[in-house]
Amino acid sequence: MSEENITRIEQDGKEFILIGTAHVSKTSAEQVKEVIGNEQPDTVCVELDKQRYQSIINGDQWKDMDIFKVIKEKKASLLLMNLAVSSFQKRMAKQFGIEAGQEMIQGITSAKENNAQLVLADRNIQITFARIWGGVGFKGKMMLLAQILAGIFTKETITEEDLEKMKSQDSIQSILSEFTESFPRLKKPLIDERDQYLAQKIKQAPGGKIVAVLGAAHVPGITKEIKKEHDLKALTSVPPKSKVPKIIGWSIPILIIALIAFTFLNNPAAGWQQMLSWLLWNGTFSALGVAIGLGHPLAIVTAFVAAPITSLNPLIAAGWFAGFVQAFVKRPHVSDFENLSEDVFTVKGFWRNKVTRVLLIIVLANLGSTLGTIIAGTDVVRLFINNI
(Lines give C-alpha, C1' and ligand atoms only; values in the text may rest on other atoms or scores of the structure.)
Protein backbone atom coordinates (compact mmCIF):
# COMPACT_ATOMS: atom_id res chain seq x y z
CA MET A 1 0.00 0.00 0.00
CA SER A 2 1.41 3.40 -0.99
CA GLU A 3 2.02 5.78 1.93
CA GLU A 4 1.71 8.81 -0.34
CA ASN A 5 -0.74 11.38 1.11
CA ILE A 6 -0.90 9.41 4.40
CA THR A 7 0.17 10.90 7.74
CA ARG A 8 0.47 8.62 10.77
CA ILE A 9 0.35 10.02 14.32
CA GLU A 10 0.65 8.07 17.58
CA GLN A 11 -0.62 9.93 20.61
CA ASP A 12 -2.23 9.09 23.96
CA GLY A 13 -2.23 5.38 23.15
CA LYS A 14 -4.10 5.92 19.88
CA GLU A 15 -3.06 5.67 16.25
CA PHE A 16 -4.37 8.36 13.91
CA ILE A 17 -4.10 7.79 10.15
CA LEU A 18 -4.80 10.99 8.19
CA ILE A 19 -5.53 10.56 4.47
CA GLY A 20 -4.93 13.83 2.64
CA THR A 21 -7.30 13.71 -0.30
CA ALA A 22 -7.89 15.91 -3.32
CA HIS A 23 -11.61 16.66 -3.58
CA VAL A 24 -11.41 16.49 -7.36
CA SER A 25 -9.11 13.50 -7.77
CA LYS A 26 -10.34 10.11 -9.00
CA THR A 27 -7.51 8.28 -7.23
CA SER A 28 -8.31 9.70 -3.78
CA ALA A 29 -11.47 7.63 -3.42
CA GLU A 30 -9.55 4.49 -4.40
CA GLN A 31 -6.89 5.22 -1.78
CA VAL A 32 -9.54 5.80 0.90
CA LYS A 33 -11.09 2.41 0.16
CA GLU A 34 -7.68 0.69 0.20
CA VAL A 35 -6.49 2.26 3.46
CA ILE A 36 -9.70 1.58 5.40
CA GLY A 37 -9.86 -1.98 4.08
CA ASN A 38 -6.25 -2.71 5.06
CA GLU A 39 -6.16 -0.88 8.39
CA GLN A 40 -9.55 -2.05 9.73
CA PRO A 41 -9.92 1.02 11.99
CA ASP A 42 -12.32 1.32 14.93
CA THR A 43 -13.54 4.70 13.63
CA VAL A 44 -13.57 6.57 10.33
CA CYS A 45 -13.75 10.38 10.54
CA VAL A 46 -14.83 12.30 7.45
CA GLU A 47 -14.56 16.02 6.70
CA LEU A 48 -18.33 16.51 6.64
CA ASP A 49 -20.92 18.05 8.91
CA LYS A 50 -24.45 16.73 9.37
CA GLN A 51 -25.91 19.03 6.69
CA ARG A 52 -23.42 18.02 3.98
CA TYR A 53 -23.70 14.37 5.03
CA GLN A 54 -27.48 14.49 4.57
CA SER A 55 -26.98 16.18 1.21
CA ILE A 56 -24.81 13.25 0.09
CA ILE A 57 -27.10 10.55 1.50
CA ASN A 58 -30.36 12.17 0.37
CA GLY A 59 -29.65 13.42 -3.12
CA ASP A 60 -33.33 14.27 -3.65
CA GLN A 61 -33.70 16.34 -0.47
CA TRP A 62 -34.73 19.37 -2.57
CA LYS A 63 -38.11 17.70 -3.19
CA ASP A 64 -39.06 18.27 0.44
CA MET A 65 -38.15 21.96 0.49
CA ASP A 66 -40.89 24.48 1.33
CA ILE A 67 -40.04 27.66 -0.59
CA PHE A 68 -42.42 29.77 1.55
CA LYS A 69 -40.69 28.52 4.72
CA VAL A 70 -37.30 29.44 3.23
CA ILE A 71 -38.52 33.02 2.67
CA LYS A 72 -40.11 33.30 6.14
CA GLU A 73 -36.94 32.07 7.85
CA LYS A 74 -34.82 34.54 5.83
CA LYS A 75 -32.67 31.74 4.40
CA ALA A 76 -32.92 32.67 0.71
CA SER A 77 -29.35 34.02 0.53
CA LEU A 78 -27.92 30.97 2.33
CA LEU A 79 -29.80 28.58 0.05
CA LEU A 80 -28.65 30.51 -3.02
CA MET A 81 -25.07 30.23 -1.72
CA ASN A 82 -25.43 26.45 -1.33
CA LEU A 83 -26.91 26.18 -4.82
CA ALA A 84 -24.02 28.25 -6.21
CA VAL A 85 -21.56 25.76 -4.70
CA SER A 86 -23.62 22.92 -6.18
CA SER A 87 -23.61 24.64 -9.57
CA PHE A 88 -19.81 25.02 -9.46
CA GLN A 89 -19.33 21.35 -8.55
CA LYS A 90 -21.75 20.14 -11.24
CA ARG A 91 -19.94 22.06 -13.97
CA MET A 92 -16.67 20.56 -12.76
CA ALA A 93 -18.10 17.03 -12.67
CA LYS A 94 -19.54 17.27 -16.17
CA GLN A 95 -16.49 18.92 -17.69
CA PHE A 96 -13.84 16.59 -16.28
CA GLY A 97 -15.82 13.47 -15.44
CA ILE A 98 -15.05 13.99 -11.76
CA GLU A 99 -17.57 13.80 -8.92
CA ALA A 100 -16.50 16.25 -6.22
CA GLY A 101 -16.55 14.69 -2.76
CA GLN A 102 -16.33 11.12 -4.04
CA GLU A 103 -13.63 10.35 -1.47
CA MET A 104 -16.01 11.34 1.36
CA ILE A 105 -18.71 9.09 -0.05
CA GLN A 106 -16.15 6.28 -0.19
CA GLY A 107 -15.19 6.97 3.43
CA ILE A 108 -18.84 6.61 4.50
CA THR A 109 -19.27 3.43 2.44
CA SER A 110 -16.02 1.83 3.64
CA ALA A 111 -16.80 2.60 7.29
CA LYS A 112 -20.05 0.68 6.94
CA GLU A 113 -18.47 -2.20 5.02
CA ASN A 114 -15.70 -2.62 7.61
CA ASN A 115 -17.96 -2.19 10.68
CA ALA A 116 -16.17 0.98 11.76
CA GLN A 117 -17.94 3.78 13.57
CA LEU A 118 -18.50 6.89 11.42
CA VAL A 119 -17.77 10.33 12.87
CA LEU A 120 -18.79 13.53 11.07
CA ALA A 121 -15.79 15.60 12.09
CA ASP A 122 -16.30 18.98 10.41
CA ARG A 123 -17.97 22.04 11.88
CA ASN A 124 -21.51 22.89 10.79
CA ILE A 125 -21.19 24.78 7.50
CA GLN A 126 -23.78 27.35 8.58
CA ILE A 127 -21.68 28.21 11.65
CA THR A 128 -18.61 28.57 9.43
CA PHE A 129 -20.50 30.88 7.06
CA ALA A 130 -21.94 32.82 10.04
CA ARG A 131 -18.45 33.40 11.46
CA ILE A 132 -17.24 34.43 7.99
CA TRP A 133 -20.28 36.68 7.46
CA GLY A 134 -19.71 38.40 10.81
CA GLY A 135 -16.13 39.28 9.96
CA VAL A 136 -16.44 41.03 6.60
CA GLY A 137 -18.57 44.13 7.20
CA PHE A 138 -21.09 45.62 4.76
CA LYS A 139 -18.60 45.99 1.91
CA GLY A 140 -17.48 42.39 2.33
CA LYS A 141 -21.06 41.12 2.35
CA MET A 142 -21.76 42.89 -0.93
CA MET A 143 -18.53 41.49 -2.44
CA LEU A 144 -19.40 37.99 -1.27
CA LEU A 145 -22.90 38.13 -2.78
CA ALA A 146 -21.44 39.56 -6.00
CA GLN A 147 -18.91 36.72 -6.19
CA ILE A 148 -21.59 34.11 -5.60
CA LEU A 149 -23.79 35.57 -8.35
CA ALA A 150 -20.77 35.89 -10.65
CA GLY A 151 -19.94 32.25 -9.98
CA ILE A 152 -23.42 31.29 -11.13
CA PHE A 153 -23.72 33.53 -14.16
CA THR A 154 -20.32 34.21 -15.65
CA LYS A 155 -18.18 31.11 -15.40
CA GLU A 156 -19.53 28.39 -17.65
CA THR A 157 -16.24 26.49 -17.87
CA ILE A 158 -13.45 25.63 -15.47
CA THR A 159 -9.89 25.70 -16.79
CA GLU A 160 -7.29 22.98 -16.26
CA GLU A 161 -5.36 25.55 -14.20
CA ASP A 162 -8.39 26.00 -11.91
CA LEU A 163 -8.67 22.24 -11.56
CA GLU A 164 -5.02 21.82 -10.56
CA LYS A 165 -5.35 24.65 -8.03
CA MET A 166 -8.39 23.00 -6.48
CA LYS A 167 -6.52 19.75 -5.93
CA SER A 168 -4.49 21.43 -3.19
CA GLN A 169 -7.37 23.38 -1.64
CA ASP A 170 -10.12 22.75 0.84
CA SER A 171 -13.48 22.24 -0.91
CA ILE A 172 -15.14 25.32 0.61
CA GLN A 173 -11.96 27.37 0.22
CA SER A 174 -11.87 26.57 -3.49
CA ILE A 175 -15.29 28.19 -3.95
CA LEU A 176 -14.28 31.32 -2.01
CA SER A 177 -10.63 31.50 -3.05
CA GLU A 178 -10.83 34.93 -4.69
CA PHE A 179 -12.77 36.27 -1.74
CA THR A 180 -10.21 35.07 0.82
CA GLU A 181 -7.50 36.79 -1.21
CA SER A 182 -9.38 40.07 -0.76
CA PHE A 183 -9.97 39.35 2.94
CA PRO A 184 -6.92 37.42 4.28
CA ARG A 185 -8.31 37.48 7.84
CA LEU A 186 -11.02 35.06 6.72
CA LYS A 187 -8.44 32.29 6.67
CA LYS A 188 -9.05 31.99 10.42
CA PRO A 189 -12.75 30.93 10.32
CA LEU A 190 -12.43 29.15 6.98
CA ILE A 191 -9.28 27.08 7.55
CA ASP A 192 -7.57 27.61 10.95
CA GLU A 193 -10.65 27.21 13.14
CA ARG A 194 -11.79 24.19 11.19
CA ASP A 195 -8.32 22.63 11.56
CA GLN A 196 -8.75 23.00 15.33
CA TYR A 197 -12.30 21.64 15.28
CA LEU A 198 -11.41 18.70 13.06
CA ALA A 199 -8.34 17.88 15.17
CA GLN A 200 -10.37 17.82 18.39
CA LYS A 201 -13.15 15.67 16.89
CA ILE A 202 -10.59 13.21 15.50
CA LYS A 203 -8.77 13.09 18.85
CA GLN A 204 -12.05 12.40 20.67
CA ALA A 205 -13.13 9.67 18.22
CA PRO A 206 -13.70 6.29 19.94
CA GLY A 207 -11.31 3.36 19.54
CA GLY A 208 -7.58 2.85 19.35
CA LYS A 209 -7.18 3.23 15.60
CA ILE A 210 -8.80 6.12 13.75
CA VAL A 211 -8.69 6.85 10.01
CA ALA A 212 -9.55 10.42 9.01
CA VAL A 213 -10.51 11.31 5.44
CA LEU A 214 -9.55 14.96 4.95
CA GLY A 215 -8.88 17.53 2.28
CA ALA A 216 -5.12 17.76 1.80
CA ALA A 217 -5.20 21.46 2.77
CA HIS A 218 -6.19 20.52 6.34
CA VAL A 219 -3.57 17.84 7.06
CA PRO A 220 -0.63 20.14 8.05
CA GLY A 221 -2.86 22.17 10.38
CA ILE A 222 -4.48 19.12 11.97
CA THR A 223 -1.09 17.45 12.46
CA LYS A 224 -0.10 20.47 14.57
CA GLU A 225 -3.44 21.11 16.30
CA ILE A 226 -4.10 17.49 17.32
CA LYS A 227 -1.35 17.87 19.94
CA LYS A 228 -3.35 20.62 21.67
CA GLU A 229 -6.72 20.81 23.42
CA HIS A 230 -9.47 22.86 21.79
CA ASP A 231 -12.79 24.11 23.10
CA LEU A 232 -15.44 22.87 20.67
CA LYS A 233 -18.10 25.02 22.31
CA ALA A 234 -16.08 28.18 21.65
CA LEU A 235 -15.40 27.10 18.05
CA THR A 236 -19.11 26.52 17.37
CA SER A 237 -20.42 29.71 18.97
CA VAL A 238 -21.79 32.35 16.63
CA PRO A 239 -20.34 35.78 17.50
CA PRO A 240 -22.97 38.15 18.94
CA LYS A 241 -24.25 40.55 16.36
CA SER A 242 -22.76 43.99 16.58
CA LYS A 243 -25.20 46.70 17.64
CA VAL A 244 -23.63 49.13 15.17
CA PRO A 245 -25.48 47.83 12.05
CA LYS A 246 -28.78 47.93 13.97
CA ILE A 247 -28.10 51.49 15.15
CA ILE A 248 -27.17 52.54 11.62
CA GLY A 249 -30.15 50.62 10.22
CA TRP A 250 -32.59 52.61 12.35
CA SER A 251 -30.66 55.90 12.24
CA ILE A 252 -30.86 56.22 8.45
CA PRO A 253 -34.69 55.99 8.15
CA ILE A 254 -35.14 58.26 11.19
CA LEU A 255 -32.78 60.79 9.62
CA ILE A 256 -34.54 60.56 6.23
CA ILE A 257 -37.98 61.07 7.80
CA ALA A 258 -36.67 63.97 9.90
CA LEU A 259 -35.07 65.68 6.90
CA ILE A 260 -38.22 65.34 4.79
CA ALA A 261 -40.43 66.58 7.66
CA PHE A 262 -38.17 69.58 8.30
CA THR A 263 -38.06 70.43 4.58
CA PHE A 264 -41.86 70.19 4.38
CA LEU A 265 -42.23 72.76 7.16
CA ASN A 266 -39.95 75.20 5.39
CA ASN A 267 -40.70 74.46 1.74
CA PRO A 268 -43.60 72.05 1.01
CA ALA A 269 -42.70 71.88 -2.69
CA ALA A 270 -39.16 70.71 -1.88
CA GLY A 271 -40.59 68.26 0.65
CA TRP A 272 -42.82 66.72 -2.01
CA GLN A 273 -39.79 66.52 -4.29
CA GLN A 274 -37.88 64.63 -1.57
CA MET A 275 -40.76 62.18 -1.13
CA LEU A 276 -41.01 61.63 -4.87
CA SER A 277 -37.26 61.01 -5.09
CA TRP A 278 -37.44 58.49 -2.24
CA LEU A 279 -40.37 56.64 -3.80
CA LEU A 280 -39.02 56.56 -7.36
CA TRP A 281 -35.38 55.64 -6.68
CA ASN A 282 -36.23 52.93 -4.14
CA GLY A 283 -39.14 51.49 -6.07
CA THR A 284 -37.50 51.63 -9.48
CA PHE A 285 -34.24 49.89 -8.54
CA SER A 286 -35.98 47.19 -6.51
CA ALA A 287 -38.46 46.58 -9.34
CA LEU A 288 -35.56 46.51 -11.79
CA GLY A 289 -33.93 43.76 -9.72
CA VAL A 290 -37.10 41.66 -9.96
CA ALA A 291 -37.31 42.35 -13.70
CA ILE A 292 -33.70 41.18 -14.16
CA GLY A 293 -34.73 37.98 -12.39
CA LEU A 294 -37.58 37.68 -14.91
CA GLY A 295 -40.16 38.07 -12.16
CA HIS A 296 -43.91 38.12 -12.75
CA PRO A 297 -45.37 41.63 -13.36
CA LEU A 298 -47.17 41.44 -10.00
CA ALA A 299 -43.85 40.72 -8.28
CA ILE A 300 -42.28 43.71 -10.06
CA VAL A 301 -45.15 45.98 -8.93
CA THR A 302 -44.89 44.57 -5.40
CA ALA A 303 -41.19 45.39 -5.23
CA PHE A 304 -41.86 48.92 -6.53
CA VAL A 305 -44.52 49.55 -3.88
CA ALA A 306 -42.78 47.78 -1.00
CA ALA A 307 -39.22 49.08 -1.37
CA PRO A 308 -39.84 52.73 -0.32
CA ILE A 309 -41.62 51.44 2.81
CA THR A 310 -39.32 48.55 3.73
CA SER A 311 -36.27 50.80 3.30
CA LEU A 312 -37.55 52.72 6.33
CA ASN A 313 -37.78 49.55 8.45
CA PRO A 314 -34.63 47.41 8.89
CA LEU A 315 -36.74 44.44 10.06
CA ILE A 316 -38.38 43.84 6.68
CA ALA A 317 -37.16 43.75 3.08
CA ALA A 318 -38.74 44.35 -0.30
CA GLY A 319 -37.34 41.09 -1.66
CA TRP A 320 -39.36 39.02 0.80
CA PHE A 321 -42.63 40.52 -0.43
CA ALA A 322 -41.64 40.20 -4.08
CA GLY A 323 -40.51 36.62 -3.44
CA PHE A 324 -43.79 35.68 -1.76
CA VAL A 325 -45.81 37.10 -4.66
CA GLN A 326 -43.60 35.36 -7.24
CA ALA A 327 -43.87 32.03 -5.39
CA PHE A 328 -47.66 32.43 -5.06
CA VAL A 329 -48.31 33.45 -8.68
CA LYS A 330 -45.71 31.10 -10.21
CA ARG A 331 -45.85 28.35 -7.60
CA PRO A 332 -42.97 25.87 -8.03
CA HIS A 333 -44.05 22.39 -9.06
CA VAL A 334 -42.66 19.07 -7.87
CA SER A 335 -40.73 18.87 -11.14
CA ASP A 336 -38.91 22.13 -10.29
CA PHE A 337 -37.61 20.62 -7.06
CA GLU A 338 -36.77 17.34 -8.81
CA ASN A 339 -34.83 19.19 -11.53
CA LEU A 340 -33.11 21.60 -9.14
CA SER A 341 -29.82 19.70 -8.97
CA GLU A 342 -29.57 19.74 -12.79
CA ASP A 343 -30.96 23.22 -13.41
CA VAL A 344 -28.33 24.89 -11.21
CA PHE A 345 -25.75 23.68 -13.71
CA THR A 346 -26.54 26.42 -16.26
CA VAL A 347 -27.48 30.10 -16.26
CA LYS A 348 -30.56 29.27 -18.32
CA GLY A 349 -31.57 26.63 -15.80
CA PHE A 350 -31.27 29.07 -12.92
CA TRP A 351 -33.78 31.39 -14.59
CA ARG A 352 -36.04 28.62 -15.90
CA ASN A 353 -36.46 26.80 -12.59
CA LYS A 354 -39.22 28.41 -10.52
CA VAL A 355 -37.44 27.71 -7.23
CA THR A 356 -34.15 29.40 -8.11
CA ARG A 357 -36.01 32.23 -9.82
CA VAL A 358 -37.77 33.05 -6.53
CA LEU A 359 -34.41 33.06 -4.71
CA LEU A 360 -32.85 35.30 -7.37
CA ILE A 361 -35.80 37.70 -7.20
CA ILE A 362 -35.46 38.02 -3.42
CA VAL A 363 -31.72 38.74 -3.57
CA LEU A 364 -31.87 41.05 -6.60
CA ALA A 365 -34.87 43.00 -5.25
CA ASN A 366 -33.07 43.56 -1.95
CA LEU A 367 -29.86 44.63 -3.70
CA GLY A 368 -31.87 47.02 -5.89
CA SER A 369 -33.63 48.47 -2.87
CA THR A 370 -30.29 49.00 -1.11
CA LEU A 371 -28.89 50.83 -4.13
CA GLY A 372 -32.08 52.88 -4.42
CA THR A 373 -31.87 53.82 -0.74
CA ILE A 374 -28.31 55.12 -1.17
CA ILE A 375 -29.19 57.22 -4.23
CA ALA A 376 -32.52 58.46 -2.82
CA GLY A 377 -31.00 59.24 0.58
CA THR A 378 -28.26 61.27 -1.06
CA ASP A 379 -30.88 63.21 -3.05
CA VAL A 380 -32.98 63.85 0.07
CA VAL A 381 -29.92 65.29 1.84
CA ARG A 382 -29.09 67.41 -1.23
CA LEU A 383 -32.59 68.91 -1.37
CA PHE A 384 -32.51 69.54 2.37
CA ILE A 385 -29.21 71.43 2.15
CA ASN A 386 -30.45 73.44 -0.83
CA ASN A 387 -33.51 74.56 1.13
CA ILE A 388 -31.91 75.43 4.47
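The legends below describe an overall view and several close-up views of a predicted model.

**Figure 1. Overall content of the predicted model.** The protein contains 21 helices and five strands. Of its 388 residues, 49% are buried. Contacts between residues at least 6 apart in sequence join residues at least 24 apart in 79% of cases. The accessible surface amounts to about 19000 Å², and carbon and sulfur atoms account for 60% of that area.

**Figure 2. The largest nonpolar core and the surroundings of I202.** This core comprises 16 residues, among which L18, C45, I202, L214 and I222 touch the most other members. At least two of its residues come from each of β2 (14–21), α11, β5 (209–215) and α12 (219–225). Beyond residues up to four places away in sequence, I202 touches F16, L18, C45, I210, A212, L214, I222 and I226. Another core, of 15 residues, lies apart from this one and includes V32, V35, V211 and V213. In soluble globular proteins, nonpolar side chains tend to be buried together.

**Figure 3. The salt bridge between E39 and R8.** The structure holds 11 salt bridges. In one of them, the side chains of E39 and R8 meet with an N to O distance of 2.7 Å. R8, at 34% relative accessibility, is partly exposed.

**Figure 4. A salt-bridge network that includes R194 and D122.** Salt bridges link E47, D49, R52, D122 and R194 in a network. Within this group, the side chains of R52 and D49 meet at 3.0 Å, N to O, and both residues are buried. R194 forms a salt bridge with D122, in which the closest N and O atoms are 2.9 Å apart. This pair links distant parts of the chain: R194 belongs to helix α11 (residues 187–204), whereas D122 lies in the loop between β4 (117–120) and α6 (125–133), 72 residues apart. R194 is buried, with a relative accessible area of 0%, and D122 is buried as well, with a relative accessible area of 3%.

**Figure 5. The aromatic pair of F262 and F384.** Three aromatic pairs are found in the whole structure. F262 and F384 form one of these pairs, with ring centres 5.6 Å apart and 65 degrees between the planes, an edge-to-face arrangement. The pair links distant parts of the chain, since F262 lies in helix α14 (residues 243–266) and F384 in helix α21 (residues 354–386), 122 residues apart. F262 is partly exposed, with a relative accessible area of 43%, whereas F384 is buried, with a relative accessible area of 18%.

**Figure 6. The aromatic pair of F264 and W272.** The ring centres of F264 and W272 are 5.2 Å apart. Their planes meet at 80 degrees, so the pair is edge-to-face, a class that requires an angle over 60 degrees. F264 is partly exposed at 24% relative accessibility. W272, by contrast, is exposed, with a relative accessible area of 56%.

**Figure 7. Helix α16 and its cover.** Helix α16 (residues 297–310) consists of 14 residues. From its first C-alpha to its last, the helix reaches 19 Å, close to the 20 Å expected at 1.5 Å a residue. The buried residues in α16 are A299, A303, A306, A307, P308 and T310. An α-helix has 3.6 residues a turn, so residues three or four places apart point the same way. Cover for the buried residues of α16 includes α15 (268–292), α17 (318–329) and α21.

Figure 8. H296 is located in the loop between α15 and α16. With a relative accessible area of 22%, H296 is partly exposed. The C-alpha atoms of H296 and Q326 are separated by 6.2 Å, although the two residues are 30 apart along the chain. Apart from neighbours within four places in sequence, H296 is in contact with Q326, V329 and K330.

Terms used: Residues are numbered from 1 along each chain as its sequence is written. This is a predicted model: local features need pLDDT of at least 70, side-chain atom pairs count only at pLDDT 80 or more; totals for chains, interfaces and linings use all residues. Side-chain values use heavy atoms; hydrogens and water are left out. Helices (H or I, at least four residues) and strands (E, at least two) are DSSP runs, numbered from the N terminus. Buried means under 20% relative accessible area, exposed over 50%, partly exposed in between (1.4 Å probe, protein chains only). Contact means heavy atoms within 4.5 Å. Accessible areas come from the Shrake-Rupley method with a 1.4 Å probe; for residues, only the protein chains shown count as cover. Rings of Phe, Tyr and Trp (its six-membered ring) pair if their centres lie within 6.5 Å; planes under 30 degrees apart count as stacked, over 60 as edge-to-face and the rest as tilted. The expected span of a helix is 1.5 Å times one less than its number of residues. A salt bridge is a side-chain nitrogen of Lys or Arg within 4 Å of a carboxyl oxygen of Asp or Glu. A nonpolar core is a set of buried Ala, Val, Leu, Ile, Met, Phe, Trp, Tyr and Cys residues joined through side-chain atoms within 4.5 Å.
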